[in-house]
Amino acid sequence: MNSMALIPLFAFLILIFVVGIYTARNVSRADSFVQEYFLGSRQLGGFILAMTMIATYGSASSFIGGPGAAYTYGLSWVLLAMSQVVTGYFVLLILGKKFAIMARKYKAVTLIDYLQGRYGSNKITILSAISIITFLFSAMIAQWVGGARLIESLTGLSYESALFLFAVSVLVYVIIGGFRAVAITDAIQGVVMLGGTIILLIATIIAGGGMENIMMGLKTENPNLLSPHGHDGELSARYISSFWILVGVGVVGLPQVAVRAMSYKNSRSLHRALIIGTIVVGSIMLGMHLIGVLARVVVPGIEVADKVMPLLALEVLPPWLAGIVLAAPMAAIMSTVDSLLLIVSSAIVKDVYMNFINKDAKEKQVKRISFWVTSITGILVFLMALSPPELIIWLNLFSFGGLEAVFIWPIVLGLYWKKGNAHGAIASMVSGLVAYILFHSFAPNYLDMHTVIFPIVISFFMYVVVSLFTHAQYRQNGWV
Amino acid sequence: MDHKEDKRFRVAGHEALIGIALVLINFLWWYGFAFGLGGQPVSDYDWIFGMPEWFFYSCIIGFFLMVLLVIIVVKYMLTDIPFDDEEDDHE
C-alpha cells in the first residue's frame, strides 16, 4: 500500500473522531439525558436522517462482499442488489408518520419502548431485548472483523493493531456522544460512501476503455455474465426476487433502522429524507455493484472476491484518491457498528435496567450506567472480534433475517391493525424466530427462495390468527 | 389505552398505502424488463450505451423512474402534519 493513500484514510478517521467528540457537547446540555443519548432528542433533519439510515443499513457487505459477488456472478448480482432501492422510500413511508406519532405518545426512545407501549406486555419486552442483544451483538462482531481486515490489508498492520485502531476510533465518540454523534458522523460517512462510489465508477469505466468495451470483454469471457441468471445460469428469477423481502421491504423490521423512524423532527424532514434516501441508496447500490462487474475486465483474475474493491481502487486511481475512495468501505463499517453498539446498549439500559432492575433510576444514575454499559459492550465486542467464537459466526449469519422474522409484524401490524394484541405479537415473534432457525438449519433456500421468506409468512399468520382468536377475551376485559 | 380516532392516522394509513403502491410499481418494472428482455440468449440481446437492454431499462431507467415517482409523491401526495399531541396526556 502506498503511503500517499494512507494519509487521506487516516485523515478521515481523525475527522470522524473529532466531529463525534464535538457533537458530544449536546449530551451534557440536553433536557433529558435518555432522550438525547439514545435518540438525539428527536431533532434529526431530512438530510441527516436519510444519511444515517443509509449508512446504518449499508454495511461491509455493500462495499466489500457485494462488489465481490458481482465480480463472480455478473450483472445478475447488480439486478439483485437493486431490490434495495426500495428501502430508500418504503421504510419511511410505512413507519412514517404513524410511528413518529405513536412513539411520541408512548414517550418511546427505543423500539422496545414502542412495543411495550403498544402491547403492554413484559414478555414482549424481554423477548425483544434478548433477540436484539443476541443478534446485533454478533452482527457487530462480524462487522468489526471486516473493518479490521480492511485496515490490515491496506496498511500492513497486524490484525490486532488494526482492530484496536478501529475500535478506539469508533468507541470513543459513541460512548460519549450517543445517538446524535452517531447520526452526524453517519451523515459524513454517507457522503464519503456516495462520493467514493461515483469516483470509482467513473475511473473504472475510463480504465476499461468505455462501457461498451468492458461489456464486450465480459461477453467474450462468458456471455452468462451479462444475463440476469448469473455466470452459470443458476440464479432463478424466484431466488433473485426473494431478495426483495430480505433486503428490501423486510428492512422495516430491523430495530436499528426502525429506531431512526422515531428520531425525526417533523413531517418536513421526513419528506426530504424520502427523496434524498432514495437517490443516495440507489446510487450507492447501483454504482458499487456495477463496479464489481466491470472490475472483472479491468482487474481480471482476482481470486479472493473480498479484495476486488481495494485492489481495483489502487489500480485505477492515483494513490491519494484511492485513499479517499477506500475510506468509503471503512465509513460503511463504522457507521453500521456505531448504530448497533448504541442499540444494544439502549436495549440493556433502557429496556432491561430501567424497566426491571431499577424502575426509579435517577438521571445521574442512568447516565453513569449508560456510559458503562456502552463501554463494556464495546470492549466485549473488541475482545470477541480478536478470535470470534463459532457460535457468534453462526448467529451473525442469520441476524438480519432473524430480526426481520421476529419484529416485522409486531411493528407493522401493531401500527395499522387495531385488533392486533400481545398474544398475537408473542406468537408471531416466537414462531418467526423458531421457523427461521429451523429453515436455516434444515431447508435453506427452500423452493429456491431466500430462507427468510417462509418464516415471515408463518409469523404473519400466527399474528393474525392468534390475535383474532384472543380478540374476544381482550374486549371482555375492556383492553381494546 | 383507548385509541381515539385521530385524523392524522387517516393520513398515515393513506401514505403507507402509497408506499405499498410504489413498491409494486417498482417490482413490476424491475422484474418485467429484467426477465422479459433478459430471458433470451445473450447473443440476441440489444444494446444501449454499451449495456444489455434489459439491464439498462430494469436497473438504470428503473432507478430514475423511482426517484421521479418519489419526488412526485412527496411534492403532491404527502400531507404535512404535526407529530406532537396538541393536548397533554393525562396518564
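A: Two packed helices are described by the angle between their axes and the distance between the axes. Here the axes of helix H9 (residues 111-119) and helix H20 (residues 399-416), both of chain A, come within 11 Å and cross at roughly 55°. Axes are lines fitted to C-alpha atoms, for helices over the stretch in contact, with angles from 0 to 180 degrees between N-to-C directions. H9(A) is therefore oblique to H20(A). Angles under 35 degrees count as roughly parallel, over 145 as roughly antiparallel, 65 to 115 as roughly perpendicular, and the rest as oblique. The model is predicted: local features need pLDDT of at least 70, side-chain atom pairs count only at pLDDT 80 or more, and totals for chains, interfaces and linings use all residues. Residues are numbered from 1 along each chain as its sequence is written, chains are lettered from A and ligands numbered from 1 in the order in which they are written, and side-chain values use heavy atoms, with hydrogens and water left out.

Q: What is the handedness of the crossing of H9(A) and H20(A), and which residues make the contact?

A: The crossing of H9(A) and H20(A) is left-handed. That label applies if the near helix is turned anticlockwise from the far one by less than a right angle; clockwise gives right-handed. From H9(A), the contact uses Leu111(A), Tyr114(A), Leu115(A), Arg118(A) and Tyr119(A). From H20(A) come Phe407(A), Trp409(A), Pro410(A), Ile411(A), Leu413(A), Gly414(A) and Leu415(A). Contact means heavy atoms within 4.5 Å. By class, the contact of H9(A) with H20(A) has 10 nonpolar residues, 1 polar and 1 charged. Ala, Val, Leu, Ile, Met, Phe, Trp, Tyr, Cys and Pro count as nonpolar, Asp, Glu, Lys and Arg as charged, and the others, Gly among them, as polar.

Q: How do the axes of H11(A) and H17(A) cross?

A: Read the angle and the distance again. Helix H11 (residues 159-207) and helix H17 (residues 319-357) of chain A have axes that come within 6 Å and cross at roughly 140°. H11(A) and H17(A) are therefore oblique to each other. Their crossing is left-handed. The contact of H11(A) with H17(A) has 24 nonpolar, 7 polar and 2 charged residues.

Q: How many residues of helix H7 of chain A are buried?

A: Start with the cut-offs. Buried means under 20% relative accessible area, exposed over 50%, and partly exposed in between (1.4 Å probe, protein chains only). In helix H7 (residues 85-94) of chain A, 10 of the 10 residues are buried, so H7(A) is largely enclosed by the rest of the structure. Among them are Tyr89(A), Phe90(A) and Leu93(A). Gly96(A) follows H7(A) and has a positive phi, near 30°.

Q: Is Ser370(A) buried or exposed?

A: Ser370(A) counts as buried because its relative accessibility is 0%. Ser370(A) is found in helix H18 (residues 363-386) of chain A. Helices (H or I, at least four residues) and strands (E, at least two) are DSSP runs, numbered from the N terminus. Leaving aside neighbours within four places in sequence, Ser370(A) is in contact with Phe33(A), Tyr37(A), Phe38(A), Ser345(A) and Val349(A).

Q: Where do Arg42(A) and Leu447(A) lie?

A: Look at phi as well as the loop. Arg42(A) is not a glycine, yet has a positive phi of about 50°. Arg42(A) lies in the loop between helix H3 (33-39) and helix H4 (46-57) of chain A. At 8% relative accessibility, Arg42(A) counts as buried. Leu447(A), also a residue other than glycine, has a positive phi near 55°. Leu447(A) lies in the loop between helix H21 (422-442) and helix H22 (453-476) of chain A. With a relative accessible area of 46%, Leu447(A) is partly exposed.

Q: Which residues does Arg238(A) contact, leaving aside its neighbours within four places in sequence?

A: Arg238(A) is in contact with Leu447(A), Asp448(A) and Met449(A). Arg238(A) lies in helix H13 (residues 237-248) of chain A. The C-alpha atoms of Arg238(A) and His450(A) are separated by 9.1 Å, at 212 residues apart along the chain.

Q: How many residues does each chain give to the contact between chain A and chain B?

A: Chain A gives 53 residues and chain B gives 47. The area buried between them is about 4400 Å², with 77% from carbon and sulfur atoms. Buried area is the accessible area (1.4 Å probe) that two parts lose on being put together, summed over both. In chain A, Leu93(A), Ile101(A) and Trp244(A) lose the most area to chain B, together 14% of what that side buries.
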